[in-house]
Amino acid sequence: MAINFEKVPSYIRREIDPPKKALKRGSRGQKARQVQEWLQYHKCRTGIDGQYGPATHECVKDFQTKANLKVSGNVDKTTWQALVAPMTAALAAPTTAKTDSAPKTIEQIARQHVQQNPHEIGGQNSGPWVRLYCDGNDGSHWAWCAGFVSFIMQQAYFYRGESTPIKGSVSCDTLSAQGKQKGLFVSESKIKTQKVSWDAFGGACLFLRRRTSDDWTHTGIALAASGKGKNVVFHTIEGNTNDEGSREGYEACERKRSLSNTHYDFVSFIPLS
């Protein structure tokens, strides 16, 4: 199913809409910078300074060759769409969005995103993917793990035509507070003592890595789990992480986490019985 562009927020449109006229040598500004970011994503690397100079021109030609496009060194609508195709693929609506359960829709969209290898480009917490997940913002202080899960939740419910169970946030602490306010927060102790079964989440929920009783430092989407009590191991899709599970990583990826050695709480997307 295609994206309903009429309802896409302006900050997303800025990332995926083509330039009004073709970009070429001498072009400057945000669109030129975006071209350089996407060139780096596609491994046609050059500087990211918003100035469309000779190196950018040659990298565009390299990308056009790889993408089987007309080789001109200029970025017209066709080349732009090819550059941003990974993001438009991540934004597409699943065909089963209105027939699957909400948790299953969230899982499918999370997989759409991680398959496109979202990662930082041009510096810490920077680049088009970070801006997508953080309402158009990026930069060193925009840690994006909470924005990643919030965006995926919002995308899922948008295509389902339903309101989200919580508003979402770029703050882990705020996600926790929203979950508590809506009666969707599940403490680690309830999972370990099996007062709440993993099946109650319906296939997907948020996990929140807890540092203290009122401070959560990382979040992601938790999917299938195995084991019981303190031996639960759950599969995740999470942003602003890496293979080691850092809270200040550089990419979105799939991991597995265990309740046995780290503290986690959870937020359900659906009412708990």
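**Salt bridges, helix packing and the sheet**

Analyst: I would begin with Arg33 and Glu37, whose side chains meet in a salt bridge at 4.0 Å, N to O; the term requires a side-chain nitrogen of Lys or Arg within 4 Å of a carboxyl oxygen of Asp or Glu. Keep in mind that this is a predicted model, in which local features need pLDDT of at least 70 and side-chain atom pairs count only at pLDDT 80 or more, while totals for chains, interfaces and linings use all residues. Residues are numbered from 1 along each chain as its sequence is written, and side-chain values use heavy atoms, with hydrogens and water left out.

User: Staying with H2, at what angle do H2 and H3 pack?

Analyst: H2 packs with helix H3 (residues 54-66) at about 50°, the axes being 10 Å apart; axes are lines fitted to C-alpha atoms, for helices over the stretch in contact, and angles run from 0 to 180 degrees between N-to-C directions. H2 and H3 are therefore oblique to each other, since angles under 35 degrees count as roughly parallel, over 145 as roughly antiparallel, 65 to 115 as roughly perpendicular and the rest as oblique.

User: Which residues of H2 and H3 make the contact?

Analyst: Val35, Gln36 and Leu39 come from H2, and Thr56, Cys59, Val60 and Phe63 from H3, with contact meaning heavy atoms within 4.5 Å. By class, that contact has 5 nonpolar, 2 polar and no charged residues, where Ala, Val, Leu, Ile, Met, Phe, Trp, Tyr, Cys and Pro count as nonpolar, Asp, Glu, Lys and Arg as charged, and the others, Gly among them, as polar.

User: OK, another pair: how do the axes of H6 and H8 cross?

Analyst: The axes of helix H6 (residues 102-115) and helix H8 (residues 145-160) cross at roughly 120° and come within 9 Å. H6 and H8 are therefore oblique to each other, and H6 passes H8 in a right-handed crossing. By class, their contact has 11 nonpolar, 4 polar and 1 charged residues.

User: Switching to the sheet, in what order do the strands come?

Analyst: The open sheet has 6 strands in the order S1-S6-S2-S3-S4-S5, with antiparallel pairing; two strands pair if DSSP finds at least two bridges between them. Strands S1 (185-186) and S5 (251-258) are the edges, each pairing on one side only.

User: How many bridges join S2 to S6?

Analyst: Strand S2 (residues 205-212) is joined by 5 bridges to strand S6 (residues 264-268), and Cys205 has Ser268 in S6 as its bridge partner. Between S2 and S3 there are 7 bridges, and these two strands form a hairpin with 2 residues between them.

Conventions. Helices (H or I, at least four residues) and strands (E, at least two) are DSSP runs, numbered from the N terminus. A crossing is left-handed if the near helix is turned anticlockwise from the far one by less than a right angle, and right-handed if clockwise.
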